[in-house]
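Open the structure in your viewer and keep the sequence beside it. The tour below goes from one selection to the next and says what is there.

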Amino acid sequence: LVVVKVTVDKYGNVTAAEAGVRGTTIGDQSFWNEARQAAMKAKFNLDEDAPAFQQGTISYRFTLD
C-alpha cells in the first residue's frame, strides 16, 4: 500500500503529490514513484465554489502475481 498526499485545485487538477506518507506499507521507492505519477494524472470534479486548494490522500494497493 502506498499512500499519496495530494493537493487539488478547484478545477479538479492535482497540483502536487507526495508519495510515502503515513499509512504506506511499502518501502520500495519505485512503487512510490509509480503511485506519485498516477496521482498526478488523477482528475477530480470541478467546483467553482470550492477553496482554491484542498488536500487529501489517495491509496494505491499493489499486488504482485
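This is a predicted model: local features need pLDDT of at least 70, side-chain atom pairs count only at pLDDT 80 or more; totals for chains, interfaces and linings use all residues.

Leaving aside residues up to four places away in sequence, Glu48 touches Lys10 and Tyr11. Glu48 belongs to the loop between α1 and β3.

Next, show the whole protein as a cartoon. It has 1 helix and 3 strands, and along the sequence they follow the pattern β-β-α-β. The C-alpha trace spans about 40 × 20 × 15 Å along its principal axes.

Select the strands. In what order do the 3 strands lie in the sheet? The order is β2-β1-β3, in an open sheet with antiparallel pairing. The edges are taken by β2 (14-19) and β3 (53-60); each has a single partner strand, so one side of each is left without a neighbour in the sheet. From one strand to the next the twist averages 25°.

Zoom in on β1, residues 2-9, beside β2: these strands pair in the antiparallel sense over 5 bridges. For one place to look, pick Thr7, whose bridge partner in β2 is Ala16.

Show side chains for the largest nonpolar core. Select Val2, Val4, Val6, Val8, Val14, Ala17, Ala19, Ile26, Ala35, Ala39, Ile58 and Tyr60, 12 residues in all. At least two residues of this core come from each of β1, β2, α1 and β3. Which element gives the largest share? That is β1, with 4 residues.

Stay in the core and select Ala17. Not counting residues up to four places away in sequence, Ala17 touches Val4, Lys5, Val6, Arg36, Ala39 and Met40. Of these contacts, Val4, Val6 and Ala39 are also listed in the core.

Move on to the aromatic rings. How many aromatic pairs does a search of the whole structure find? It finds 1. Select Phe31 and Phe62 to see the pair: the rings are 4.9 Å apart centre to centre, with 65° between the planes, and the arrangement is edge-to-face. Phe31 lies in helix α1 and Phe62 in the segment after β3, so the pair ties together parts that are 31 residues apart in sequence. Phe31 has a relative accessible area of 21% and is partly exposed. Phe62, at 30% relative accessibility, also counts as partly exposed.

The accessible surface comes to about 4,600 Å², and 49% of it belongs to carbon and sulfur atoms. Of the 65 residues, 28% count as buried. Among contacts between residues at least 6 apart in sequence, 62% join residues at least 24 apart.

Note on methods:
Residues are numbered from 1 along each chain as its sequence is written. Side-chain values use heavy atoms; hydrogens and water are left out. Two strands pair if DSSP finds at least two bridges between them. Axes are lines fitted to C-alpha atoms, for helices over the stretch in contact, and angles run from 0 to 180 degrees between N-to-C directions. A nonpolar core is a set of buried Ala, Val, Leu, Ile, Met, Phe, Trp, Tyr and Cys residues joined through side-chain atoms within 4.5 Å. Buried means under 20% relative accessible area, exposed over 50%, partly exposed in between (1.4 Å probe, protein chains only). Contact means heavy atoms within 4.5 Å. Rings of Phe, Tyr and Trp (its six-membered ring) pair if their centres lie within 6.5 Å; planes under 30 degrees apart count as stacked, over 60 as edge-to-face and the rest as tilted. Accessible areas come from the Shrake-Rupley method with a 1.4 Å probe; for residues, only the protein chains shown count as cover.
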